[in-house]
Amino acid sequence: MTTHARGFLGSAALMVVALAALGGCRGTRSEDPPVHLQQNMDFQERGDAQEFNGFFADGRVMRKPPEGTVAVGLLKDDDHLYRGRNLDGTLADALPPAIKLDDKLLTRGEARYNIYCAPCHGQVGRGDGQATRRGGGMMPQPANLHLARLRPEPLGYFFNVISNGKGKMRSYKAQIPVEDRWAISAWVRTLQVSHDAKPGDAAAPAAAPSAPTAAPGAAPGPTPSAPKGATP
Ligand code: HEC
């Protein structure tokens, strides 16, 4: 017999045995899981959220992040913007560089102030908001923002009162985003300045741009920017 023929007979015999073995499986049922020849890492210990896990001393499968961990994008290291403070810890008396003082900021500040502060402090900040006029008022009374004590306070002071509360006033950090807190602070300052305005304050900036356009020798008329109903 040639080697070739012997090899052929060998494989034929193997095939018969394999077929016979397969045939033997037919009709047999098993409760066991199928044979899993290639294990890879298909089966391993795993923890689901909120589960108990005896591996850790406290038994919790959900681990706390190590102390000082900061989520990506949430590092609030700008003291001026987030805490209203200068590097030396003193209260900042200016808007953070990221926030520009313009009409948009003040419009936003006014709107947010009217939503979050006016109910207690009143629309112009005299501490006489709607909430103070019902049920016997409030104790203590919401502060009058035009007090001589509060007027010289730096802008960061108001940012801090809004962020952290003060005395009986609670913190509004959770519901007012940082940018809006600055907008409100700017609006509080606007209220204070306008409340303390002298008669000349409003006319002065308005007169400057209009002066060159006035015809020489024109009869001096009433100042256009004079507030309605104002009597000299
Ligand atoms: C629920 C009522 C209420 C709301 C809303 C409120 N405040 Fe007050 N605020 C108070 C009261 C009451 C005080 C006085 C707290 C005290 O003396 O214990 C106060 C005090 C203050 C003071 C003075 C702090 C000081 O140095 O004495 C400032 C400034 C101030 N509030 C600003 C704001 C601003 C800005 C908002 C809006 C984001 C606001 N408050 C919203 C009730 C309120």
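Predicted model: local features only at pLDDT ≥ 70, side-chain atom pairs only at ≥ 80, totals over all residues.
## Helix H3 against H6

Let's turn to the helix pairs. Two packed helices are described by the angle between their axes and the distance between the axes. For helix H3 (residues 103-116) and H6, the axes come within 7 Å and cross at roughly 90 degrees. Angles of 65 to 115 degrees count as roughly perpendicular, so H3 is roughly perpendicular to H6.

On the H3 side, the contact is made by Leu105, Leu106, Arg108, Gly109, Glu110, Arg112, Tyr113 and Tyr116. Facing them from H6 are Asp180, Ala183, Ile184, Ala186, Trp187, Val188 and Thr190. Sorted by class, the residues of this H3 and H6 contact are nine nonpolar, two polar and four charged.

## Helix H5 against H6

H6 also meets H5: their axes come within 9 Å and cross at roughly 125 degrees, which makes H5 oblique to H6. This crossing of H5 and H6 is right-handed.

Which residues make the contact between H5 and H6? From H5 come Leu155, Phe158, Phe159, Ile162 and Ser163, while H6 supplies Arg181, Trp182, Ile184, Ser185, Val188 and Arg189. The contact of H5 with H6 has seven nonpolar, two polar and two charged residues. Ile184 and Val188 of H6 are worth a look on screen, as they take part in the contact with H3 and in the contact with H5.

## Backbone details in the loops

Two loop residues deserve a stop on your tour. The peptide bond from Met139 to Pro140 is cis, with omega near -10 degrees, and Pro140 sits in the loop between H4 and H5.

Asn40 is not a glycine, yet it has a positive phi of about 45 degrees. Its place is in the loop between helix H1 (3-25) and helix H2 (79-83).

## Confidence

How confident is the predictor in the protein chain? The average pLDDT is 85, and 82% of the residues score at least 70. Over residues 207-232, however, pLDDT stays under 50, and for this stretch the model has eight contacts beyond four places in sequence.

Notes
Residues numbered from 1 in each chain as written. Axes fitted to C-alpha atoms, helices over the stretch in contact; angles between N-to-C directions. Helix = DSSP H or I, 4+ residues; strand = E, 2+ residues; numbered from the N terminus. Parallel < 35°, antiparallel > 145°, perpendicular 65-115°, else oblique. Contact = placed C-beta atoms within 7 Å. Nonpolar A, V, L, I, M, F, W, Y, C, P; charged D, E, K, R; others polar. pLDDT = per-residue confidence, 0-100. Left-handed = near helix turned anticlockwise from the far one by under 90°.
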